[in-house]
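Please look at the sequence and the model first.

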Amino acid sequence: MSCEPWQCAEVAATKKAHVITKPEVAAAMIKKAARPILVVGSNATRRTLKDKLLIEYLIDFARASKAPVVATAHIVGEFLKRGYEPAEFMSAMDIGNRLVDPEWQGINDKGHPDLALFVGMPYYMESLILSGLKHFAPDLRTMTIDNMYHPHASWSFPNLSINDWAQNLEVIVGKLGGE
Amino acid sequence: MKIDELKTDVGLFKNLELSIGKVVDDSWTEPMGPSPMPGLTTLRDWDMKLLNKYKPFYMPDCDLCCLCTYGKCDLTAGKRGACGIDIGAQSSRIVLLACSIGAATHTGHARHVVDYLIEKYGRRYPLDVGGLNVKVEAPVTRLVTGIRPETLGDLDEILEYCEEQITHLLSAAHTGQESNNLDFESKAFHAGRIDQVGMEVADIAQISTLGFPKADPEATLVQMGIGTVDTSKPVIMCIGHNVVPSVGIIDYMRDSKLEDKMEIVGLCCTAFDNTRYYDRAKIVGPISWQLRFIRGGYADVVVLDEQCVRTDISDEAQRVKAPVIAASEKNCVGFKNRTSDPADEIVADLVSGKVAGVLILDPEKVGEVAVKVAQKIAPIRKKHKILPEIEEIKALAKTCRQCDLCQRSCPQDLEIPSAMKAAAEGNLAPLIDLYEVCIGCGRCEEACPVGLQVHSFIVKAGEKFMTEEKNLCRAGRGAIQDIEIRNVGSPIVLGEIPGILAVVGCSNYPRGGKDVYDICREFANRRFIVVTSGCSAMSAGSYKNTEGKTLYEEFPGGFEGGGVLNVGSCVANSHIAGAAIKVASIFAKRNLRGNYEEIADYIHNRVGAVGLAWGAYSQKAASIASGFWSLGVPVLVGPHGSKYRRMLLGRADKRENWDVLDARTGDKVNVGPAPEHLFQTVETKEEAMVSIAKLCIRPNDTWKGRSIKLSHYVDLHKRLYGTMPKDLHLFVRTMADVPITMKDELTKILEAKGWKETVVPDPTLLPRMVRKAKE
């Protein structure tokens, strides 16, 4: 395991993400959050873990965590095809922009999220959004459940193999009460 | 003026010469507007109107500032640096710097072109960008400066203004100058305005003098793609943006009657301008193909001018034994200046290999040297290339350590390690797949700890595709004719032509150039006006339909619904802004002269135009975008565009942000989020398409126009997102806006949302435009 940024040049962060060394830790933090959201990017249908697409893991994850899903880009339809309705869909920039607004009351008007989970965007784009949140949403905690270390998040897994990543997601889903 | 002899009370003057620097144009009766030659703050109020509607969303690429010796300063999450700056202001400062660099680059380009052309043709050489078809010859310049240029000499004065403004803009970025993020943003908008003028000056100067197509919808279809190059002939390859050295080459070749015996090819915007000058010149492809063409050994001589030239190109050229001629004082490459040396001496030194390259700042001499060297060296170097053989790739791939550093250095995150593993096992298919999506940066090779030439492997694997690239691209047509504007002005403003899509900029695409083709074709089929320029115009023309036709063969080249028109190189982007401005001037008969705010307000509220820079990478792309933001025209960028680190986003969920004034009554009217954003990154091609359709919606649309626009938005959304849009109620003003075929479905949605009917205003953001003030 390495906690260097996945993209080698992404080193210009003075405040770096805490490394999640065990999936159980991530599950505990998600459980503890009062208003988590899961932001899912377009790579959810481009990346395959073991024999399943990432989006299929994420649907299990969303059901287990009960975190409302914000689907970015065009992938809302990919969720719908698989029988899961995201709570919201909007562009990655729009959700980032709402998260830095302390007055925004969340996608269900139940209060500003206290934990934003990110997964499945192009690495550099996700990195920039996480940076925006680090700087301009100081009260928000962010976590990535990708297999790439994101220094701008509050918490991130280190760079992981696909198999380790899949295993971690399965453990988290299990700990959150999923199958 | 010259006076041989003048007797006055003061004395006798002989051989007196008088030079008048500025001529006031008394023949232009259009009244001067309020903002000719705007300074840094002249249009600040307008900028702030836009910036309050579309607030910056900052995504700092770096937590630090290292611009002065106080630093490095950590600006993380609210910390201020030693000078007092915070991360918001610092981020906007970087935006200003990028836009100023871009504006300076286009203006510097224009300065070089204009000075050269004045020296060659004289200051009084008349400007002509389209004969009788184009009476508004310089809409951007008229709008910003209040000047109607008529001769090359007039352009000199306009450039002096631009140069002064860019100096001020750059100075504002010095430590301890501007401190507020929105003021930095306003200045970035100003850089965009200046940039548009600089680009327009450059292009109208070269169109007027060099015989480029003059607003010609049927400009020649020119050959494009590596496969079109006859490699049995000596090949001169020109890279960059400034056509002047290429003119020297083409002229010398023509004078020597060598047209049938040589190939002149170009990469990036120089390629376009070469074909505008000489329709037998060929376009190799976009900027990202520099390495593949050079390493493939095709170029016998490499001529560099300015902008977007790889800075390691002389090393790369040396590897294939191709001499380099640097022809711009902005890019001297460390070569000795041989401008004053006899041409034949320089030729001898380059052909013998005594020197790898030379700097020549005289375009005519560049022409003579390049042509002579190409002829002499071609039989010697025999298209020497450095691409490995397939068996070599398979063997070398076995040395790959699978360390992942190539993938982790790749801007595209391409799965190079697995492709190398497959290659080591004899399967080149994954490497071939990378050919289309590789942007040719070469960072993989820099990262490889065992020195594998990864990019060369990819190029060799894709060589078959490369050599089969044979396409046709429309030579840049230049401006839009006044009559074309008259024909489409009404349907654009009323919304019946659903939009103008400008696909511009560089080739830092997330997944290859095919996305650009797909997007252009989708919207041309929907009868949008699709305008292209620069590297995007090349990518748009690099794929064919089922009948084997490129976009430029399939669709007409006029500024009309369903047209696909290439305006030309980067500096020709000014014609796209110019077309929007001319809609206000020619169709709506608004005064242009020094009347920026009113015209921008008109465009923002009425002209459904959207820019898409799918592969934007450069500072020039930033300043081009900024020129459009300032006019109120939304710009989308592909995912790599997020690295511009600041978006300008509207909030559709905040109803109070979307009020305009009804110019008829002075009433505030809520028009919904139209357009929703001014600058936004989109993640996928599908998202881009849906966003384009939505961003063409304008408050002024007629019922019919809005209905047409909504039908495109809904149709694309359902097809690409697999569901109905959730924000339709924000765009329906009356039931007449609802597309008739969707009435039942939409009525239910509107009822569920508690939708209420509203009015269609005569929209403006400017209180002074209200004709009858509310009592």
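The paragraphs below treat the chain interface, a helix pair, a sheet, a further helix and a single residue.

This is a predicted model, in which local features need pLDDT of at least 70 and side-chain atom pairs count only at pLDDT 80 or more, while totals for chains, interfaces and linings use all residues. Residues are numbered from 1 along each chain as its sequence is written, and chains are lettered from A in the order in which they are written.

**The interface.** In chain B, 37 residues are in contact with 36 residues of chain A; contact requires C-beta atoms, placed from the backbone, to lie within 7 Å. The elements of chain B that each supply at least two residues of this side include β19 (646-649), α26 (685-695) and α27 (703-721). Helices (H or I, at least four residues) and strands (E, at least two) are DSSP runs, numbered from the N terminus. The table divides the residues by class: Ala, Val, Leu, Ile, Met, Phe, Trp, Tyr, Cys and Pro count as nonpolar, Asp, Glu, Lys and Arg as charged, and the others, Gly among them, as polar.

| Contact of α2(B) with α25(B) | six residues | six residues | one residue |

**A helix pair.** The axes of α2 (residues 87-121) and α25 (residues 619-630) of chain B come within 7 Å and cross at roughly 95°. These axes are lines fitted to C-alpha atoms over the stretch in contact, with angles running from 0 to 180 degrees between N-to-C directions. The two helices are therefore roughly perpendicular, a term for angles of 65 to 115 degrees.

**A sheet.** Three strands of chain B form an open antiparallel sheet in the order β21-β20-β23; strands pair if DSSP finds at least two bridges between them. β21 (668-670) and β23 (763-764) of chain B stand at the edges, each with a single partner strand. Strand β20 (residues 659-662) of chain B is joined to β21(B) by three bridges, and L661(B) stands opposite K668(B).

**A helix with two sides.** Helix α1 (residues 44-53) of chain B has the buried residues W46(B), D47(B), L50(B), L51(B) and K53(B). Buried means 20 or more other C-beta atoms within 10 Å of the residue's own, and exposed means 12 or fewer. On the other side of α1(B), D45(B) and N52(B) are exposed.

**A residue of chain A.** V40(A), in strand β2 (residues 36-40) of chain A, is buried, with 31 other C-beta atoms within 10 Å.

Key
Contact = placed C-beta atoms within 7 Å. Parallel < 35°, antiparallel > 145°, perpendicular 65-115°, else oblique.
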